[in-house]
Amino acid sequence: MMLSELIVYLTAGHPNKEEFLKFAREISRTVDAMEIGIRPRIAKYDGPVIRRSYLVAGGYTRKELIAMASGLSSYMVALTYLDDLIDDELRLMKSSGYSAVLIPDLLIDYPERLAETAQLVSSSGLKNALFVTPFTPDSYIDAASRLADAFLYLGIRPSTGIPTPVDVGKVVKRIRERHRGKLVVGFGLNESEIKVALSSGADGIAVGSSIVSALEKDREKALELVKRLREVVDSV
Amino acid sequence: MVEFIPKRWFNIIPKLPKPLPPPRDPEIDRSSIEILNRILPEEVLKHQFTVEEYVDIPSEVVDAYRAFGRPTPLLRATKLEERLSTPARIYFKFEGALPTGSHKLNAAIPQTYYALKEGNSEVVTETGAGQWGAAVALSSSYFGLRSVVFMVRSSYMQKPQRRQLMELYGSTVNPSPSDLTKVGMRELKEGNVSGSLATAMGEAVEYALDRGAKYMVGSVLDVVLMYQSVIGQETIKQLEVLDVEPDVLVGCVGGGSNFAGFTYPIINSFPDKEYVAVGASEIPKFSMGVYRYDYPDSARILPLLKMITLGVDYRPPPIYSGGLRYHGVAPSLSVLITEGVVKAAEVDEREAIEAGRMFARLQGIVPALESAHAVAYVIKRALEAKEKNERINIVFNLSGHGLLELNNYTEVT
């Protein structure tokens, strides 16, 4: 049996360049992949914790932030909004060692640009991690499923980190029924929801705001949290 | 009569032609989505965020729907057809048959039920003209909950019958602004005594936060539209029994809950028919509105929603149809309109009043002035069918009766 994957989200340059790099290296063997958030101009679908982390990570250009993560993990996913993404950033991501790109607003604000954007990402030598939500219609889940050669990422909650009540099992099953490839689930999951998501068919779990929030205060606490999450994911 | 009450609610989101943009938080350090967590019953929020095409309706809610007269009748307006000498056949779903006189009860019943089930003893809401407040008052008394309603003071004074109805059902009705909340006291101090829906909502939310009462939402949110889907599901069955396939489906739009409840299940079964959302010309959101993120409430309490909107600061003119005086259109309906699945039309108040009078004189039912906007459009469409000799079936939602607001018809000559 294949073990489930743990993907950890970090905001590039947060809480500062040194701590970010140190923490990322410390967890690189514990996690299967890292998602690196590149500060957007407008954090339109992020919750309070991630929005704050972008402010803290100020002082660098986007290109500096992209390059900062170079070689940190064997599987890195760049997270950026389409609003902010410019062509040569994709090339920079490739040369900095990223494997895939996740564009959370693509299927929300620019669904008509799905195929074109996926093609652009592919032609830069990167894979597509495509972001869907419980609000994504069936027809777009099917289209994203066909194009997601990295994985399909299901963001359970519309705003990161706000613990809105969601029936995680039902939401995961709906997507699982339509998607055969790798399915990663994230956005504000607590421990029991991680277990529900994995037992409902998710292949991996992505965790972001709880780690970013811990990292803001105490790197050791954040490290413990990652180890704990590894245990939870492996226990299912 | 068809004895059919749906056992599941229908949610259109998985079937939309374009993705529905999720609610968004307005500010860096404040989350209005988090406020929803504290004031809405958990199950209601779960329905809002767990998108499934069909959701089972608890048997207690089905029983309440039955007790209050669901299924509501689907009637044919034969006398109106005759008067218009149209080859079109005109049917209408009559939500005014419910005890409080409108469709609003469909969404109040589940919200009060879940509040009770989660151990609450009190619910609170705001109301303008009183349709939503009356629905919450009745469903609360049915389930044995206390209810508190903040009613816009100008309506409180001008519509004593609505207030009396809520009080008869056991509700505590406060004119808003009131001195029960900080929001209300601030307004009173500034001399804004006549009130507004935004202030009333602000008071209800503050009351919910301070006293632990659950807040009941009347329209716009997806979950409210889903609770209204009993209307359209019944209509499909009732048309089947009559062996009628609908061609044109019409409803009026304030926030969108009666229109969505009526049409969404039908859109799912008959995707290529003509669907028409009718607004008031005086509030030109369909012709002048912009599709963007905006506050659904002028109290700026709920999260930002992407919708067709005239802007949250838009001040609607004082038309009689209080239920249509809203700056936005529910997010899912905004998607359907921008994608061309639903056509939008606007009718002015004079046309609505004339159509409502004609309908009352021929069919007996006095439509709420909001619903009379749909009637006015139906009449135009039936006359167009006459010109083109189209033998079509027009079905519209008569969302409420106007018996408690007869002055709407008598004050304008």
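Mentor: Let us start with a definition: a salt bridge is a side-chain nitrogen of Lys or Arg within 4 Å of a carboxyl oxygen of Asp or Glu. In this predicted model, A:Asp138, A:Asp142, A:Arg174, A:Arg178, B:Lys15 and B:Glu53 are linked in a network of such bridges. Over all chains, the count by this rule comes to 41 salt bridges.

Trainee: What makes the contact of A:Lys170 with A:Asp167 a salt bridge?

Mentor: The N to O distance between their side chains is 3.8 Å, and the rule asks for within 4 Å; the pair therefore qualifies.

Trainee: Why is A:Lys170 called partly exposed?

Mentor: Its relative accessibility is 40%. Buried means under 20% and exposed over 50%, so A:Lys170 falls in between. A:Asp167, with a relative accessible area of 25%, is also partly exposed.

Trainee: What separates B:Asp63 and B:Arg66 along helix 3 of chain B?

Mentor: They are three residues apart in that helix (residues 59-67), which means a separation of about one helical turn.

Trainee: How do you know that chain A is as compact as a globular protein of its length?

Mentor: Chain A comprises 11 helices and eight strands. Its radius of gyration is 16 Å, close to the 18 Å that the globule rule gives for 236 residues, so the description holds.

Terms used:
Residues are numbered from 1 along each chain as its sequence is written. Chains are lettered from A and ligands numbered from 1 in the order in which they are written. This is a predicted model: local features need pLDDT of at least 70, side-chain atom pairs count only at pLDDT 80 or more; totals for chains, interfaces and linings use all residues. Side-chain values use heavy atoms; hydrogens and water are left out. Helices (H or I, at least four residues) and strands (E, at least two) are DSSP runs, numbered from the N terminus. The radius of gyration is taken over C-alpha atoms; the globule rule is 2.2 Å times the number of residues to the power 0.38. Buried means under 20% relative accessible area, exposed over 50%, partly exposed in between (1.4 Å probe, protein chains only).
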